[in-house]
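Thank you all for coming; I would like to take a few minutes to walk through one model. Please have a look at the sequence and the structure first, and then we can go through the packing together.

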Amino acid sequence: MNLFDQVSEDIKKAMLAKDKVALDALRGIKKEFLEAKTAKGGDGELHDDTALKILQKMVKQRKESAQMYSDANRQDLAQDELAQVAIIERYLPKPMTDEELTAALLDVIAQVGASGPQDMGKVMGVATKLLAGKAEGKAISMKVKELLTK
């Protein structure tokens with residue numbers, strides 16, 4: 001079952017359970033998925049790799065919103081955003097640990113033959129495609145910088 005179908009099934013379950021927070025989050029996910037499916041230039045299908053990128057974007061947006069609400073002293077709204085983040089993250093693969101990320105990046109560095117900070121672009125190009133959905137771009141970038149400056 002692909003992510004689109006899984007979300008559709010989970011919407012039905014949330015409706016039956018009368019879980020408003022989950023229902024709001026799942027409807028938001030489905031809306032984004034439908035927009036991606038019907039976007040110009042698309043083939044009418046939503047592939048799981050595209051769906052994962054959408055989910056990551058949604059998590060990032062909600063975390064940023066929660067931070068802004070917290071800064072504005074609106075903890076109630078921040079909690080709502082963080083509750084939705086928890087539901088969206090159910091559909092994302094488990095993030096890589098620091099050790100797993102380091103090992104994967106060392107492999108990429110060896111593969112592209114990077115020798116220093118000047119090769120960061122080459123490493124990032126391969127690493128972001130390889131680790132999409134498994135690690136955040138910011139974490140990848142920081143780790144690559146750390147590894148290349150050693």
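When I speak of a contact, I mean heavy atoms within 4.5 Å. With that in hand, among contacts in the chain between residues at least 6 apart in sequence, 58% join residues at least 24 apart.

A word on where this comes from. This is a predicted model, in which local features need pLDDT of at least 70 and side-chain atom pairs count only at pLDDT 80 or more, while totals for chains, interfaces and linings use all residues. Residues are numbered from 1 along each chain as its sequence is written, and side-chain values use heavy atoms, with hydrogens and water left out.

Let me begin with the overall picture. The chain has 7 helices and 0 strands, where helices (H or I, at least four residues) and strands (E, at least two) are DSSP runs, numbered from the N terminus. The C-alpha atoms fill a box of roughly 55 × 45 × 30 Å along the principal axes. Of the 150 residues in the chain, 35% are buried; here buried means under 20% relative accessible area, exposed means over 50%, and partly exposed lies in between, with a 1.4 Å probe and protein chains only.

Now, which residues touch the most other members of the largest nonpolar core? By such a core I mean a set of buried Ala, Val, Leu, Ile, Met, Phe, Trp, Tyr and Cys residues joined through side-chain atoms within 4.5 Å. In this core of 23 residues they are Leu3, Val7, Leu26, Ile29, Phe33, Leu55 and Tyr91. Two or more residues come from each of helix H1 (3-17), helix H2 (20-37), helix H3 (48-71) and helix H4 (75-89). To take one member, Ile29 touches Val7, Leu55, Met58, Ile88 and Tyr91, if residues up to four places away in sequence are not counted. There is also a second, separate core of 16 residues, which includes Leu101, Leu131, Ile140 and Leu148.

That brings me to the helix pairs. In general, two packed helices are described by the angle between their axes and the distance between the axes. The axes are lines fitted to C-alpha atoms, for helices over the stretch in contact, and angles run from 0 to 180 degrees between N-to-C directions. Angles under 35 degrees count as roughly parallel, over 145 as roughly antiparallel, 65 to 115 as roughly perpendicular, and the rest as oblique.

The axes of H3 and H4 come within 8 Å and cross at roughly 165 degrees, and the two helices are therefore roughly antiparallel. Their crossing is left-handed, a term used if the near helix is turned anticlockwise from the far one by less than a right angle, with right-handed used if clockwise. By class, the contact of H3 with H4 has 10 nonpolar, 4 polar and 4 charged residues, where Ala, Val, Leu, Ile, Met, Phe, Trp, Tyr, Cys and Pro count as nonpolar, Asp, Glu, Lys and Arg as charged, and the others, Gly among them, as polar.

H2 and H3, for their part, pack at about 135 degrees with their axes 10 Å apart, which makes H2 oblique to H3. H2 passes H3 in a right-handed crossing, and Gly28, Ile29, Glu32, Phe33 and Ala36 of H2 meet Ala51, Ile54, Leu55 and Met58 of H3.

The contact is made by Met120, Val123, Met124 and Ala127 of H6 and by Gly137, Ile140, Ser141, Val144, Lys145 and Leu148 of H7.

I will finish with a few individual residues.

Most residues other than glycine have a negative phi. Lys18, however, in the loop between H1 and H2, has a phi near 55 degrees, and Asn73, in the loop between H3 and H4, has a positive phi of about 65 degrees. Lys18 is exposed at 72% relative accessible area, and Asn73 also counts as exposed, at 62%.
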